[in-house]
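Hi,

Here is the structure I promised to pass on.

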Amino acid sequence: MRIDRIDIIRINNPFKEPFETSFVRFEVRDALLVKIYSEGAFGYGECKAFHAPLYNAEDNGTCLHILKHILAPRILGETLDGPEDFLRRVAFVRGNRLAIAAIENALWDLRVKATGKSLKTLIGGTRDEVEAGISLGIEPTIGALLAKIERHQAEGYHRIKIKIKPGKDLQVVREVRRHYPDITLTVDANSAYTLADLDLFKAMDEFNLSYIEQPLGEDDIVDHAVLQKAIGTRICLDESITSFEDARKAIGLGSAQVINIKSSRCGGIHEAIRIHDLCMEHGIPVWCGGMTETGIGRVQNISMASLANFTLANDITPARRFFAEDITMPMVDITPRCTLRVPDEHNGVQYTVDEAAIERMMVSREVLRR
Ligand code: OSB
Ligand code: MG
């Protein structure tokens, strides 16, 4: 595939209601989209960075720089074999994996179009449908959280995850468990704690959580290993896993018994598959994490979660859970079983990008040519 042109499009899509985590309260999805034109076709990738470096070290500003000045010049006017060839060409770049993944994902999309095969088929996915779980933000009151859980339980979500932060943790979990003794329940701390909080996590053991997601620092698989040995509940790593190498070390140290795979955090689908396979060999179940993405990233997540070892419910929801409108046609939605159907070339499930919606949400557009 010859790379003729790359557009970097910034869009703002307001959340229907704010989504609060231990690190920020999100009100709008400020996203960069990468559109790569090649020989009469185009492919889209979504950059999953946020407006500021809150979740990891990258943000939309750094990604825009890396995309425009470092990555795009390496491929504009060049003929590539595909995503793997791109990754080889930019292997000199340290970090900046969200930016790399945005182009990598667009190249996968181009391969889908060039071959007429779905992403699921190209990566060897085995599932026709993947399970939806939901990540619920921090709420001002317990009552507000319980009301949300009630609603989403009724919709059939296969796992409820609640965001926690210091001061809004044990009490919240206790109340939720009192009202819902049997649901599949998890918590996500987004790195808000340290080993000084060991007793808090010991106390969580009594609530039969499926796992505790990323309790400690994003760069601290060593302390996670200490914590995992001290508690009965499984630890799931999110922020800490940015590569195959991170996963290998975390598994070796015993830092986690579950891994949340976000392909974007790891530099793309290629690396995500390697992590998936490694986890499978070691009996570590995985699930697909979310970044409150638009439909472009959401559909790619669904396809990735079709791999065999995605055995736990994913953070993949219908687009309407966050947005009044989105940029795919149709908007991503769930089945009556609260699953998401995986697009493949045989089942008629197909999404196209809604260019008019992108125009409406657009903040800026950069057109890059050789
Ligand atoms: O830690 O999984 C996370 C959202 C933004 C950044 C980090 C995370 C999240 C979520 C929401 O938990 C996942 C989603 O539904 O997109
Ligand atoms: Mg998380």
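Let me start with the ligand: a backbone N or O atom of Thr292 lies 2.8 Å from an oxygen atom of ligand 1 (a polar contact is a pair of N or O atoms within 3.5 Å; within protein, one must be able to donate a hydrogen and the other to accept it, and residues adjacent in sequence count only if both atoms are side-chain atoms). On its own ligand 1 exposes 390 Å², and the protein buries 100% of that (Shrake-Rupley areas with a 1.4 Å probe; for residues, only the protein chains shown count as cover).

Before going on, the housekeeping: this is a predicted model, where local features need pLDDT of at least 70 and side-chain atom pairs count only at pLDDT 80 or more, while totals for chains, interfaces and linings use all residues. Residues are numbered from 1 along each chain as its sequence is written, chains are lettered from A and ligands numbered from 1 in the order in which they are written, and side-chain values use heavy atoms, with hydrogens and water left out.

Back to ligand 1. Polar side-chain atoms also reach its oxygen atoms, from Ser135 at 2.8 Å and from Lys163 at 2.9 Å. Of the 18 residues around ligand 1, Ser135, Lys163, Asp188, Asn190 and Thr292 come nearest (around meaning a heavy atom within 4 Å).

Asp188 sits in strand E7 (185–188) and Asp238 in the loop between strand E9 (235–237) and helix H9 (244–253), so the pair ties together parts that are 50 residues apart in sequence (helices, H or I, at least four residues, and strands, E, at least two, are DSSP runs numbered from the N terminus). Asp188 is buried at 1% relative accessibility (buried is under 20%, exposed over 50%, partly exposed in between, 1.4 Å probe, protein chains only), and Asp238 is buried at 1% as well.

Asn190, in the loop between E7 and helix H7 (198–204), has a positive phi of about 45° although it is not a glycine. The Met329 to Pro330 peptide bond is cis, with omega near -10°.

Cheers
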